[in-house]
Amino acid sequence: MNPAVKETLIFTKPGAAAPPVRDFLQSGTVRRSEWVILGFLAYAIVLGNLLPVAPSVRNLVMLVNGTILAGYTVLILLDRTKPALVFSVVRDAASLALIVLAYREMGWFAQPHLAHTLEESWVTWDRVVLQGGARAVIESIGPVIPSILEIAYALVYALAPFAIAMLYVYRRREMVDEFLFVFAVGVLLCYAQFPFWPSDPPRVVFLGEDLPSYQTPFRRFNLWMLGNYGIHTSVFPSAHVAGAFAAAFGAFRALPERQWVSRFLLVMASLIAIATIYGRYHYLADALAGLLVALIALGFQRLPRCSTFEGTAV
């Protein structure tokens, strides 16, 4: 039996009521999500040569991304010549890891900016919403809702791994690429724009203004995370919001028979979007743009697949 087909049978529950799908984990085939991620790494190399960045940064991006592109070619060749479950699982994990790397690289491209014209125009709408009653509603029962929002914001990094874990649990590994394509397009479309919208979060630009009334332990944790691991390139569009909604949309497409997963992720995405504005991590404009990017990612997923593109192998 074809090893790729055998692997699919192992991870697909007999008799499960699931729509027939093409096996996008076929050994040796470059997955659609991988084309997106590897294409972004190539884009970063080009961007590093166009932006006014230090030569050390430009050389580092070229070295790191060139090595990854070569290494990924080897990984796909191994998966093609010696089909094994371990190689396919490594590719699942590597996709998520490379999205994190893409985030860090956009931080290396941060450009200094003194004027805050964009932020001054965005904050006007935030104040209309927050002072118009949104903050009062959120804080109406004390720190309870603010804590929930901060917890949701902290969990944004776990949504994609959770969705993939559910695909494993429900024996739908053949749909990992379906999920990752929507998620990767949503997140990387945001990252790709960061250098062209230099901006800082409202809690930084408008120091001490419009802040939440409650400083919960969860908020302190989020501020610590952002202070130590965040980047300072741009906040527009919000990759937090785009990634959260893209995870929900991707789960809906990849695991429609388990709707509780996508519904749970959709609730989490909504809480995260509110948290970004209430916590002054992002502007309302960032959150709305992030949602729009996630919808665009879902739209890309719905485009007819090209058989030649799907079958491309290294």
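The model is a predicted one. Its protein chain contains 14 helices and 0 strands, and buried residues account for 49% of the chain's 314 residues.

**Overall fold**

- Read from the N terminus, the elements of the protein chain follow the order α-α-α-α-α-α-α-α-α-α-α-α-α-α.
- Of the contacts in the protein chain between residues at least 6 apart in sequence, 85% link residues at least 24 apart.

**Largest pocket**

- The largest pocket holds about 830 Å³ of space.
- Its lining consists of 38 residues, and those closest to the pocket centre are Tyr103, Tyr157, Tyr191, Ala239 and His240.
- At least two lining residues come from each of α4 (85-108), α7 (159-169), α8 (176-193), α9 (202-205), α10 (217-229) and α11 (239-254).
- The most is given by α4, which supplies 5 residues to the lining.
- Sorted by class, the lining of the largest pocket comprises 25 nonpolar, 10 polar and 3 charged residues.

**Packing of α11 against α12**

- Two packed helices are described by the angle between their axes and by the distance between those axes.
- For α11 and helix α12 (residues 259-278), the axes come within 8 Å and cross at roughly 170°.
- Because angles over 145 degrees count as roughly antiparallel, α11 is roughly antiparallel to α12.
- On the α11 side, the contact is made by His240, Val241, Ala244, Phe245, Ala247, Ala248, Phe249, Ala251 and Phe252.
- On the α12 side, the contact is made by Val261, Ser262, Leu265, Leu266, Ala269, Ser270, Ile272, Ala273 and Thr276.
- By class, the contact of α11 with α12 has 14 nonpolar residues, 4 polar residues and no charged residues.
- His240 belongs to this contact, and His240 is also among the residues closest to the centre of the largest pocket.

**Gln301**

- Gln301 is located in helix α13 (residues 284-302).
- The relative accessible area of Gln301 is 2%, so this residue is buried, the cut-off being under 20%.
- Apart from neighbours within four places in sequence, Gln301 is in contact with Arg32, Glu178, Phe181, Val182 and Arg253.
- Gln301 and Phe179 are separated by 122 residues in sequence, while their C-alpha atoms are 9.3 Å apart in space.

Key. Residues are numbered from 1 along each chain as its sequence is written. This is a predicted model: local features need pLDDT of at least 70, side-chain atom pairs count only at pLDDT 80 or more; totals for chains, interfaces and linings use all residues. Side-chain values use heavy atoms; hydrogens and water are left out. On a 1 Å grid over the protein atoms alone, a cavity is a set of points where a 1.4 Å probe fits but cannot get out, and a pocket is an open set with protein on both sides within 12 Å along at least five of seven lines; lining residues have an atom within 4 Å of a point. Grid points are joined across faces, edges and corners, and a volume is the space filled by probe spheres set on the points. Helices (H or I, at least four residues) and strands (E, at least two) are DSSP runs, numbered from the N terminus. Ala, Val, Leu, Ile, Met, Phe, Trp, Tyr, Cys and Pro count as nonpolar, Asp, Glu, Lys and Arg as charged, and the others, Gly among them, as polar. Axes are lines fitted to C-alpha atoms, for helices over the stretch in contact, and angles run from 0 to 180 degrees between N-to-C directions. Angles under 35 degrees count as roughly parallel, over 145 as roughly antiparallel, 65 to 115 as roughly perpendicular and the rest as oblique. Contact means heavy atoms within 4.5 Å. Buried means under 20% relative accessible area, exposed over 50%, partly exposed in between (1.4 Å probe, protein chains only).
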